[in-house]
Amino acid sequence: MNKLLLLIKGELQRLNKYNVTTISFVVAIIWFLLLYFIDDIDVLSRLLPFIIVVDATMMSILYVGAMMFFEKTEFTISTMLVTPVSHKDMILSKVIANTIHTLFSSMLIILVFFFLKNVEVNWFLIILALILSVSFHSLLGFIFSYKTKDFTAMLVGVMIFSFVFLIPPSLYFFNILLKGEVWEYILIILPTQSAINLIEAGFGSPITLKFYLSLIILSLGGFALFQFYVLPKFKDYAVRQSGV
């Protein structure tokens, strides 16, 4: 446990060193400015959860991808292979560090609107939703890093991912084109839709079956992603970075 805590501390320092933390806060300020001047509370109550979803999903993938590619240029991961640190701890430390820093920036936005605009927030549910959503999409960030040769290729991959996994749930969320309850259960297989369902509950939406299904998809899906793909493929990725 102490080893994992030390690794998490190191990952948080690296996020700061690579300016990922700074970019995260700049993005949070941009989101805040976009939302602050909206006076219509109904519009704000739809846009605020959506902005938090984008931060917890797409941005989480990008932050992990950026961290992995910065480490690639410094041969950090291949160096870590000769230390008595397990692959499991290395992956978990990155996922937890990314979850902590994204959770912090998202919570800052929510806190501001809670105090300034009286937005309804269930703090337990919103924190749970952010932890599950960010952790799951951080693991997806590993897959993009494994599969792409450089950061530009990863950006293209994330863009394609957003077209498939973010735009359909967005159309349903804003009641554009994809309308009706049937889409609620078709789209729930997408992790982004599950993130939307959980985060909406954090902002006061009623707890229904889709909430529990989303909880299962992100928690069990995240475990399966970690156990059956990210962890087994990590050694190949790390060895490839060493040039062996």
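Predicted model: local features only at pLDDT ≥ 70, side-chain atom pairs only at ≥ 80, totals over all residues.
1. **Helix 2, length.** Helix 2 takes in residues 20-36. How far apart are its end C-alpha atoms? They are 24 Å apart. At 1.5 Å a residue, the 17 residues should span 24 Å, so the two values agree.

2. **Helix 2, buried face.** The buried residues of this helix are Val 20, Thr 21, Ser 24, Val 27, Ala 28, Trp 31 and Leu 35. They cover an arc of only 120 degrees around the axis, which means that they sit on the same side of helix 2. An α-helix has 3.6 residues a turn, so residues three or four places apart point the same way.

3. **Helix 2, partners.** Which helices do the buried residues of helix 2 pack against? The partners are helix 1, helix 3 (41-56), helix 4 (58-74) and helix 6.

4. **Thr 99.** This residue belongs to helix 6, which runs over residues 87-116. Is Thr 99 buried or exposed? Its relative accessible area is 7%, under the 20% cut-off, so Thr 99 counts as buried. Beyond its neighbours within four places in sequence, Thr 99 is in contact with Ile 131, Val 134 and Ser 135.

5. **Cavity count.** How many cavities of 30 Å³ or more does the whole structure hold? The search finds two.

6. **Largest cavity, lining.** The residues around this cavity are Leu 7, Glu 11, Arg 14, Glu 71, Thr 76, Ile 77, Met 80, Met 90, Ser 93 and Lys 94. Helix 1 (2-17), helix 5 (76-80) and helix 6 each give at least two residues to this lining. Helix 6 is also where Thr 99 is found.

7. How does the lining of the largest cavity divide by class? Four residues are nonpolar, two are polar and four are charged. Glu 11, Arg 14, Glu 71 and Lys 94 are among the lining residues to look at here.

8. **Second largest cavity.** Its lining is made up of Asn 197, Glu 200, Ala 201, Ser 205, Pro 206, Lys 210 and Phe 211. Helix 11 (191-202) and helix 12 (209-242) are the elements that supply two or more of these residues. Which element gives the largest share of this lining? Helix 11 does, with three residues. By class, the lining of the second largest cavity has three nonpolar, two polar and two charged residues.

Notes. Residues numbered from 1 in each chain as written. Heavy atoms only, no water. Helix = DSSP H or I, 4+ residues; strand = E, 2+ residues; numbered from the N terminus. Buried < 20%, exposed > 50% of the residue type's maximum accessible area, 1.4 Å probe, protein only. Contact = heavy atoms within 4.5 Å. 1 Å grid on protein atoms, 1.4 Å probe; cavity = no way out; pocket = protein on both sides within 12 Å on 5 of 7 lines; lining within 4 Å. Points joined across faces, edges and corners; volume = space filled by probe spheres on them. Nonpolar A, V, L, I, M, F, W, Y, C, P; charged D, E, K, R; others polar. Expected span 1.5 Å × (residues − 1). Arc of directions from axis to C-beta.
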